[in-house]
Amino acid sequence: MKHQSFSSWVKGTFHKSARVGAAMTAVFIAAIIAVNVVIYGLASHFGWYFHAGESYEHTIGHATDAYLSEVSDRGDVRILFCDAADTLEADVIYNLVWQTARQYAERYGFLHIENINIYTNPERVEPYKYQREADGSYTIDPETGKRVQINRISTSSVILVSDTDYAVLAMESFFVLDSERTITAYSGEEVFAAMIRRVLTEERPIAYFTTTHGETFSSAFNRRLLFAGYNAQEIDLWQETPEVGDGNILVLSNPRYDLDRGDASAGVKGELDRVEEFLAAGGSLYVMLDPLLTGTVGIEKLLADWGITPRRAVEGDGTRDAVTVRDSANAVSTDGYALITSFGDSDLAREIAGEMDAVGSGRVIVREAMPLDLAGAAGKTVSSLLVTSPTATAHANGQTVDTAGGYTVAAVSRDTTTGGGVFAVGSVYLTAQDAITTNEYGNKDLIFLVFRHLSGASVPIGTTYLLFSSGTLEGLTMRGARLWTALLVGLIPLGVAIAGFICVRKRRNR
């Protein structure tokens, strides 16, 4: 019998253990990669992601008491969360939404919260995923033979259900996100209030958007319309006239190009003709004009017929130049063009100012605003809504052209017969993202109140946002959360692989 030396036995054992270690390292790396790929897939497709950082709290106020009391007798609303309560409470993001819903349910008896496990009880959310016909049956796609899906529901979905309607919201719907998908504020108080009322209201006014003239509008402005109860609808004014329904409104949001008239002799209606027809029948118009875009002659003539004339500097050859207001003493920017406005001396301005003061709204800010000259118009009541301070000056082509101060930059004109109206503002900043998504400015509440006074819409003014400073956003980034997940998918396995490779090489080289 051949005896193995001790040194040979050690070497053999070492090589064998090295092979086992290498195999175990490979299995371990493969397992981590598999787990992380699964997690990343869930994050990408179902809205699951990692969160880090401190806990946040937001307490709802009483601003929505009157707003929701108007619909409290229309039936109950169920707020369905598609995950367990302890899971929601453990998540930085979801817990804010969960706590706000609980606060609403505790305050208003017609609201009820339910938690659903969508994996063990998928039938609970089936009615809210697919389109239905008038008879309640599911709509079937004739090409595929499958039900037509209109909502994707995951554990991060929140569903509000009344006896007559429902709404499916993603968690990110309760937050304000910037262009980089970074969360800048939590707006759950306002979102819940608006959507609760929405599912209890069958009749909704339409906000018609013109879209063929280079118009621009922020997503925050679209949310204002949604939360004011409107359904948004694009319209081609060459093809159709907006319907004058209960509260319908036409929106001209920063058009780069003018509206045109038709050919009356040929019986062809133009865009301006249809707008005038809509207004004459009692419709309302919401206009935002950029002072730097001077080609909107037809729109400005229409406003002048309602007693609101945007001011332009007209050269001797007929060239129209922009006129903007500057006020170094009453501005929030060093250039003096981001103006802190006050309310005018009209009855409407005083009424809106009182409503905003009652809920603690801030001052309204506009930037690069154009003066609006007001004059009497037959059958119209013209009201100065927002005015600058007496120290403001008007500028054109780099020159001071007026030093009167107290310029009107937003106005409302109402038809004393039909009740229709026109709101005009000579600044596109009134509805800019950063002007609306803050508690510091009163822009968000003013826009709501303009809608209400123009069309009778019920609006949730006075709600507050939970604002996140740049330092607290590290764990509150939708894109960042998924980026961290992606990094975890790659970096952890890579780190383990490198460590394993180094260990194996060292063992082999001993």
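Predicted model: local features only at pLDDT ≥ 70, side-chain atom pairs only at ≥ 80, totals over all residues.
**Reading helix burial and helix packing**

User: How many helices and strands does the protein chain have?

Analyst: Elements are DSSP runs, numbered from the N terminus: helices are H or I, at least four residues; strands are E, at least two. The protein chain has 12 helices and 24 strands. Of its 510 residues, 47% count as buried.

User: Which residues of helix 5 are buried?

Analyst: Among them are Val191, Phe192, Met195, Ile196 and Val199.

User: What does helix 5 span from its first C-alpha to its last?

Analyst: The expected span is 1.5 Å times one less than the number of residues. Helix 5 (residues 188–199) has 12 residues and reaches 16 Å, close to the 16 Å expected.

User: At what angle do helix 6 and helix 11 pack?

Analyst: Axes are lines fitted to C-alpha atoms over the stretch in contact, and angles run from 0 to 180 degrees between N-to-C directions. Helix 6 (residues 219–227) packs on helix 11 at about 45°, with the axes 10 Å apart. The two are therefore oblique to each other (angles under 35 degrees are roughly parallel, over 145 roughly antiparallel, 65 to 115 roughly perpendicular, the rest oblique).

User: Which residues make that contact?

Analyst: Contact means heavy atoms within 4.5 Å. Helix 6 brings Phe221, Arg224, Leu225 and Phe227; helix 11 brings Lys444, Ile447, Phe448 and Phe451. By class, that is six nonpolar, no polar and two charged residues. Nonpolar covers Ala, Val, Leu, Ile, Met, Phe, Trp, Tyr, Cys and Pro; charged covers Asp, Glu, Lys and Arg; the others, Gly among them, are polar.

User: How do helix 9 and helix 11 pack?

Analyst: Helix 9 (residues 347–358) meets helix 11 (residues 443–455) at about 130°, with the axes 11 Å apart. That makes helix 9 oblique to helix 11. Leu348, Glu351, Ile352, Glu355 and Met356 of helix 9 touch Asp445, Leu446, Leu449, Arg452 and His453 of helix 11. This contact has five nonpolar, one polar and four charged residues.

Methods
Residues numbered from 1 in each chain as written. Heavy atoms only, no water. Buried < 20%, exposed > 50% of the residue type's maximum accessible area, 1.4 Å probe, protein only.
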